[in-house]
Amino acid sequence: MIWLEILVVLGAIFFGIRMGGIGIGLCGGLGLVILTIGLGLPIGSPPVDVILIIMTVVVAASALQAAGGMDYLVRLAGKFMRKNPKYINIIAPMITWTMTILAGTGFIVFSTLPVIAEIAKDSGVRPSRTLAGSVVASQVAISGSPISAAMAAMLTIMEVNGVSFITVMAVCLPASFVAAMVAAFIASRQGCELKDDEVYIERLKAGLVKKYEEKKGNDTAWAKFSVVLFLLSTIAVVVLAAFPELRPGFDLGKTMGTRDIIVICMLSAACLMVVFCKTSPDAIVMTPTFRSGMSSLAVILGIVTLGTTFVDFHIEEIKAVAGDILTAYPILLAAVLFFTCALLYSQGATTPLIIPLAIALDVPTWAILASYVAVTGVFVLPTYPTSLAAIEFDSTGSTRVGKYILNHPFMLPGLGGIIAGVLFGFIVAPMVV
């Protein structure tokens with residue numbers, strides 16, 4: 001019977017990926033019907049904490065976009081990169097990593113990618129080098145951002161198991177930075193020089209290399225103030241999470257949890273943007289950030305609940321097979337995180353599925369933190385939104401997918417960065433925990 005159940009789970013994932021978008025969540029729901037009503041398994045616990053965190057962070061980020069704050073940040077980043085074009089291969093990934101750390105979503109870099117491509121091209125730098133490093137940096141930053149859906153889930157899970165916010169961030173934040181910078185270095189060495197690229201030469205002769213026209217916009221006081229509000233809310237989350245004694249206790253002997261801190265800070269920031277930044281509530285729900293963020297909720301609700309339904313019912317068998325192996329070789333958890341994320345195409349869905357399982361299998365806490373940067377497997381296929389955007393924005397044609405699909409510019413930087421981040425984590429984590 002267990003093989004039939006595994007087939008249902010894998011089938012739901014396979015057909016969900018074929019559907020695309022929220023299809024994987026919808027197929028997860030269908031899989032739940034088969035497992036529970038059809039095969040009699042008790043339903044697993046839906047990842048409520050993760051869903052609440054994603055909802056509120058997405059609302060705040062969408063309000064920032066509606067108020068013009070994201071465009072303002074993109075223009076600031078563009079100005080900084082144009083002043084230092086010689087170091088674009090390192091500066092651009094640092095900027096996309098920082099933006100994702102602060103915003104909690106890699107989608108914030110969408111508007112930055114055409115600017116990066118244009119500056120690289122104008123400087124004679126192969127755009128695929130800069131774009132690949134920047135995209136991978138934004139993806140690994142999710143494992144270090146305190147307000148990303150994946151990290152918020154990680155914090156909530158680890159907090160219940162007695163691991164503090166500071167301990168988690170002391171390992172995961174620098175590990176994600178190391179991964180991003182190693183990825184940027186590897187990307188900067190990929191491919192021939194732009195002037196020698198045959199595809200670029202052909203596109204140049206055909207007149208297909210277009211000049212990017214940067215969108216003009218006024219940096220209004222409202223846009224700047226929305227950025228201030230969002231940053232203040234992020235700082236509030238970090239401070240209150242890092243110092244539990246500052247949290248309200250309500251005379252109940254139990255202080256407010258990290259999940260609730262994120263929820264109230266993000267919703268408050270969004271509300272203040274509406275009040276003070278001339279932002280329409282209707283404009284918030286029409287932003288690309290809101291649509292993509294909310295669609296991810298269906299993915300997480302369907303596929304994570306399907307996974308926990310199977311895992312919770314067979315936890316003893318899983319312990320018997322995998323428990324001793326992961327205890328003896330905890331670094332294998334990094335491989336589990338990586339391939340699960342590559343399969344589910346979601347760091348937010350991978351975290352609440354795999355981390356509780358790792359804890360149940362008695363994987364050491366330090367090894368869980370050290371491995372966490374490997375939750376970034378979304379670059380394996382070049383179909384992730386930011387990867388597709390980078391390919392589209394590179395008019396030189398240097399950012400392209402090879403004949404065998406997996407030989408694309410994001411693969412080697414991503415793999416190298418994650419390996420470096422995991423090794424760094426395994427050195428630092430035992431000293432921190």
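**View A. The largest cavity has a volume of about 40 Å³.** This is a predicted model, in which local features need pLDDT of at least 70 and side-chain atom pairs count only at pLDDT 80 or more, while totals for chains, interfaces and linings use all residues. Residues are numbered from 1 along each chain as its sequence is written, and side-chain values use heavy atoms, with hydrogens and water left out. The structure holds one cavity of 30 Å³ or more. Leu-155, Glu-159, Val-163, Ser-164, Phe-165, Arg-247 and Thr-258 line the largest cavity. By class, three of these lining residues are nonpolar, two polar and two charged. (On a 1 Å grid over the protein atoms alone, a cavity is a set of points where a 1.4 Å probe fits but cannot get out; a pocket is an open set with protein on both sides within 12 Å along at least five of seven lines; lining residues have an atom within 4 Å of a point.) (Grid points are joined across faces, edges and corners, and a volume is the space filled by probe spheres set on the points.) (Ala, Val, Leu, Ile, Met, Phe, Trp, Tyr, Cys and Pro count as nonpolar; Asp, Glu, Lys and Arg as charged; the others, Gly among them, as polar.)

View B. Helix α14 gives the most, with seven residues. The lining divides into 22 nonpolar and 19 polar residues, with no charged ones. (Helices, H or I of at least four residues, and strands, E of at least two, are DSSP runs numbered from the N terminus.)

**View C. The second largest pocket has a volume of about 710 Å³.** It is lined by 25 residues. Closest to the centre are Phe-310, Val-311, Thr-340, Ile-354 and Leu-357. Helices α1, α14, α15 (315–328), α16 and α17 each supply at least two lining residues. Here α16 gives the most, with six. The lining has 23 nonpolar residues, two polar and no charged.

**View D. Phe-338, Phe-339 and Phe-379 are linked by ring pairs into a cluster.** Six aromatic pairs are counted in the model. The rings of Phe-338 and Phe-339 have their centres 5.2 Å apart and their planes at 80°, so this pair is edge-to-face. Phe-338 is buried at 10% relative accessibility. Phe-339 is exposed at 57%. (Rings of Phe, Tyr and Trp, the last by its six-membered ring, pair if their centres lie within 6.5 Å; planes under 30 degrees apart count as stacked, over 60 as edge-to-face and the rest as tilted.) (Buried means under 20% relative accessible area, exposed over 50%, partly exposed in between, with a 1.4 Å probe and protein chains only.)

**View E. Trp-366 and Phe-426 form an edge-to-face aromatic pair.** Centre to centre, the rings lie 5.4 Å apart, with 85° between the planes. Trp-366 lies in helix α18 and Phe-426 in helix α20 (residues 411–432), so the pair ties together parts that are 60 residues apart in sequence. Trp-366 is partly exposed, with 27% relative accessible area. Phe-426 is buried, at 18%.

**View F. Asp-197 sits at the start of helix α10 (residues 198–205).** A side-chain oxygen of Asp-197 reaches to within 3.0 Å of the backbone nitrogen of Val-199. Gly-207 follows α10, and its phi is positive, near 75°.

**View G. Lys-278 and Asp-362 are non-glycine residues with positive phi.** Phi of Lys-278 is near 55°. Lys-278 is found in the loop between α12 (258–276) and α13 (281–285). With 66% relative accessibility, Lys-278 is exposed. Phi of Asp-362 is near 65°. Asp-362 is found in the loop between α17 and α18 (365–371). Asp-362 is exposed too, at 60%.

**View H. The protein chain has 20 helices and zero strands.** Its radius of gyration is 22 Å, close to the 22 Å that the globule rule gives for 433 residues, so the chain is as compact as a globular protein of that length. (The radius is taken over C-alpha atoms; the globule rule is 2.2 Å times the number of residues to the power 0.38.) The C-alpha trace spans about 65 × 50 × 45 Å along its principal axes. Of the 433 residues, 53% count as buried.

Key:
A polar contact is a pair of N or O atoms within 3.5 Å; within protein, one must be able to donate a hydrogen and the other to accept it, and residues adjacent in sequence count only if both atoms are side-chain atoms.
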